Amino acid sequence: MTDCIYLDNNATTKIDEEVIGAMMPYLTIYYGNPSSMHSFGGQVAKAVQKAREQVAALLGAEHSEIIFTSCGTEGDNAAICAALTAQPDKHHIITTEVEHSAVLNFCKHLEKQGYSVTYLGVDSQGRLDLGEVQAALTGNTALVTMMYANNETGVIFPVEEVGKLAKEYGALFHVDAVQAVGKVPMDMSKSSIDLLTLSGHKLHAPKGVGALYARKGINFPAFMIGGHQERGRRGGTENVPGIIALGKACELAQSHLENLSHERQLRDYLETSLLTLISDTVVNGTTEERLANTTNIAFKYVEGEGILSSLNQYGICASAGSACTSGSMEPSHVLKAMGLPNSVLQGSIRFSLSRYTTQEEINRVIEIVPDIISHLRSITPRIEDETTSSPTKEQEKANLIQQILEEEVKPFLAQDGGDIDLYDIEGDLVKVVLKGACDACPSSTATLKLAIEARLKDRVDPELTVIAV
Ligand SMILES: Cc1ncc(COP(=O)(O)O)c(C=O)c1O
Ligand code: FES
């Protein structure tokens, strides 16, 4: 299938013809290595520099603040790693429950290395509470990392305000702006953001290229260690054609930023029409602070998988949840974090538009979707909401651990001036950050860890493991 109504632009986008035109000579004629001393390579280095300036211009950054990467995932991982490596004495990270797996799974990995991570929740509209951000920040917080706009709902977080709070506590602030760059105007010269990730394939450049903004003056230890490329901040011969393409795509995105009303009008028309024509239909996420190209609609009481496969038969590409989690029947972690009922979780579909989307395409979708939904509702069992359940065994166990740490362990440590700075319970793993334990002897953390573990094993569950830093 080569021709379809493509409404899955948050998964990836069509490469712009002008972008292909710009990158092509760097696949064919100008194949020199930008690091070479000869002029054949030198002209390629100049082209890479021009692309860097194009990316910087879209972000309101300086060209020296742009590091080219291989994708959004690398940018996210590299930014988080750099922030932690640069502040070895701090062990706490704040993020949200609705991040892309590039941040979420990396944070889970870091927890296993001994970091403590606070995962902030969102409300039923997908919004973040700034008070919760403030409450989570401590002097031990190395980094706050969160997305600019959500890939599933398009909901935009108040990143500038979060950045200001992070500064107050001396924490660095990284923003995963993979879905926002090219859809929201940005000006890093006036921003509270320290590190920001973008990815080429979300803004009409090819897959496999991205960029990371790192504010001037920030200590940025390399994540990919090798050659001196990217001023020693990312080793490896550059993906030159990809970089040239990204530069052009950013230039085009900048000129399109004034025309976002195209996507907005078509998106609003699609959304209003489907909500009017189909009963039991709701929009997921606030419609106030939201990307212009995205709508996430719940067709209640039906299975999203069924809707997608019917849409597919009509040549309409959309998505249920994010591309990385679809294919599994698990409901989206983003919609789950919003606490939505089962009937909404199951039947939610994301339509994401682009500057190429046409009125005719949207008309066709509006014509087809009501029939698909009424057909599915007539032939499949209705998905009901679960009745609220009593606390699970997991929750009961976590509550008991919390009680023992608060009421027994903390007062015990306090006798010697110590404390538990932070702790986190995940299944059978209990992570604690001990305060005042490291001053005297090299064994005190280890001894305290064993004492806490013995108590928890004895009182709660012999399978428990304690990690202490
Ligand atoms: C919010 C967000 N962050 C990160 C990524 C990962 O980007 P990439 O596919 O370039 O690794 C994506 C891609 O879906 C995304 O939507
Ligand atoms: S120095 Fe770390 S435990 Fe004593």
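# Briefing: sheets, helix packing and domains

Helices H9 and H13 are roughly parallel to each other, because their axes cross at roughly 15°; this class takes angles under 35 degrees, while those over 145 are roughly antiparallel, 65 to 115 roughly perpendicular and the rest oblique. The model is predicted: local features need pLDDT of at least 70 and side-chain atom pairs count only at pLDDT 80 or more, whereas totals for chains, interfaces and linings use all residues. Residues are numbered from 1 along each chain as written, with chains lettered from A and ligands numbered from 1 in written order.

**Domains**

- The chain is divided into domain 1 (17–257), domain 2 (258–379) and domain 3 (393–468), with bounds from an automatic or database domain assignment.
- The centres of domain 1 and domain 2, taken over C-alpha atoms, are separated by 28 Å.
- Domain 1 gives 22 residues to the contact between these two domains, and domain 2 gives 24 residues; residues are in contact if their C-beta atoms, placed from the backbone, lie within 7 Å.

**The seven-stranded sheet**

- An open sheet of seven strands runs in the order E2-E8-E7-E6-E5-E3-E4, and its pairing is mixed; strands pair if DSSP finds at least two bridges between them.
- At the edges stand strand E2 (66–69) and strand E4 (116–120), each of which pairs on one side only; strands (E, at least two residues) and helices (H or I, at least four) are DSSP runs numbered from the N terminus.
- On average, neighbouring strands of this sheet are turned by 20° against each other, direction ignored.
- Strand E5 (residues 141–147) and strand E6 (residues 172–176) run parallel and are joined by five bridges. Within this pair, Leu143 has Leu172 in E6 as its bridge partner.
- Helix H4 (residues 72–85) lies across E2, E5, E6, strand E7 (195–199) and strand E8 (210–214). The direction of H4 makes about 165° with E7; axes are fitted to C-alpha atoms, for helices over the stretch in contact, and angles run from 0 to 180 degrees between N-to-C directions.

**Helix pairs**

- The axes of helix H9 (residues 261–277) and helix H13 (residues 359–379) come within 10 Å.
- On the H9 side, Leu266, Tyr269, Leu270, Ser273, Leu274 and Leu277 meet Gln359, Ile362, Val365, Ile366, Val369 and Pro370 of H13.
- Helix H3 (residues 39–59) packs against helix H8 (residues 240–256) at an angle of about 35°, and their axes are 8 Å apart.
- Residues of H3 in this contact include Val44, Ala47, Val48 and Ala51; among those of H8 are Val240, Ile243, Ile244 and Leu246.

**The three-stranded sheet**

- Three strands form a further open sheet in the order E13-E14-E15, with mixed pairing.
- Its edge strands are E13 and strand E15 (465–468), each pairing on one side only.
- Neighbouring strands here are turned by 20° against each other on average, direction ignored.
- Helix H15 (residues 444–459) packs on this sheet and touches E14 and E15; the direction of H15 makes about 155° with that of E15.
- Strand E13 (residues 419–426) pairs with strand E14 (residues 429–435) in the antiparallel sense over seven bridges.
- Asp424 stands opposite Lys431 in E14, and Tyr423 has Val432 of E14 as its bridge partner.
- The hairpin of E13 and E14 has two residues between the strands, and Gly427 takes a positive phi near 60° there.
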